[in-house]
Amino acid sequence: MVKIKICGITPNDDMAQLAELKPDFLGFIFHNGSPRDISDCVHKIRFDLLPKGISRVAVTVNQPIEAVKELVAEFGFEYVQLHGDETVEYCAELSSFAKPIKAFRVSDVLPANIAEYRQVCEYILFDAKGRKAGGNGCRFNQSILSEYHCNMPFLVGGGIGPDFAGLSYLDQIPMFLGLDLNSRFEVRPGLKNIDSLRSFIDKIRSYDKIS
Ligand SMILES: O=C(O)c1ccccc1NCC(=O)[C@H](O)[C@H](O)COP(=O)(O)O
């Protein structure tokens, strides 16, 4: 089954409505400068409305490991998604208290060092290289993923929107895990479009049923 991660949830979003969509992961951004940054308002997030089956992902960029540890302990994040230059050693340390997802920002080639992260990360995320650390809303050349031969499941993000039609291609790649949805499903930065998410997720679930 194709997993769904909805990323960039803020207090503007209705957590009960998001929970009804039954995504596998919800991502929360802790990065100064992002329109989805919740660093200063994380206490307003209604984590209590999230059923257990939806995993919480903290998204960070080059944060000191102790700060990440505090976030995980206080808000119950199961995963931490890393969007900076975090090393294998950093991920190894992180893996003692949360499941690391290392993001690789790509355009036309796969990074040479992905395999080094295999022992210490749960998953990786392929995201589009852009001006910002994430949430750029643009695609990368997904044909490079057919060259991916690492034994570690991966998510695909970067400009995935309601018009996305590449699922049957991705689904043939052995370690493909699921899709990451963000800025192309927003009414405005920091507010998700629930109707648009619902119809896209329905489409993915019906693909799951017939494939
Ligand atoms: O979304 C952000 O603003 C963001 C800022 C800093 C680091 C990571 C960020 N997002 C992480 C994600 O997982 C996004 O979903 C991913 O970059 C894809 O975003 P989009 O291209 O908008 O679909």
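A word on terms before the first residue: strands here are DSSP runs of E, at least two residues long, numbered from the N terminus. With that, K5 lies in strand 1, which covers residues 3-7. Please keep in mind that this is a predicted model.

Is K5 buried or exposed? K5 counts as buried, because it has 26 C-beta neighbours inside 10 Å, and the cut-off for buried is 20 or more. Leaving out residues up to four places away in sequence, K5 touches P23, D24, F25, G27, V57, L155, G178, D180 and L181. Y123 is 118 residues from K5 in sequence, and their C-alpha atoms are 12 Å apart.

V57 comes up again in the largest nonpolar core, which has 46 residues. The residues with the most contacts inside that core are F28, V57, I101 and F154. Beyond its neighbours within four places in sequence, F28 is in contact with I9, I38, I45, R56, V57, A58 and V59.

Next, the ligand. There are 25 residues around the ligand, and C7, G134, G135, N182 and S183 come nearest. Strand 2 (25-30) and strand 6 (123-128) are the elements that give two or more residues to this shell. By class, the shell has 14 polar, 7 nonpolar and 4 charged residues.

Last, T87, in the loop between strand 4 (79-82) and helix 3 (88-94). T87 has 15 C-beta neighbours inside 10 Å, so T87 counts as partly exposed. From T87 to P11 is 76 residues in sequence and 31 Å in space, C-alpha to C-alpha.

Notes. Residues are numbered from 1 along each chain as its sequence is written. This is a predicted model: local features need pLDDT of at least 70, side-chain atom pairs count only at pLDDT 80 or more; totals for chains, interfaces and linings use all residues. A nonpolar core is a set of buried Ala, Val, Leu, Ile, Met, Phe, Trp, Tyr and Cys residues joined through C-beta atoms within 7 Å. A residue is buried if 20 or more other C-beta atoms lie within 10 Å of its own, exposed if 12 or fewer, and partly exposed in between; C-beta atoms are placed from the backbone. Two residues are in contact if their C-beta atoms, placed from the backbone, lie within 7 Å. A residue is near a molecule or strand if its C-beta atom, placed from the backbone, lies within 6 Å of it. Helices (H or I, at least four residues) and strands (E, at least two) are DSSP runs, numbered from the N terminus. Ala, Val, Leu, Ile, Met, Phe, Trp, Tyr, Cys and Pro count as nonpolar, Asp, Glu, Lys and Arg as charged, and the others, Gly among them, as polar.
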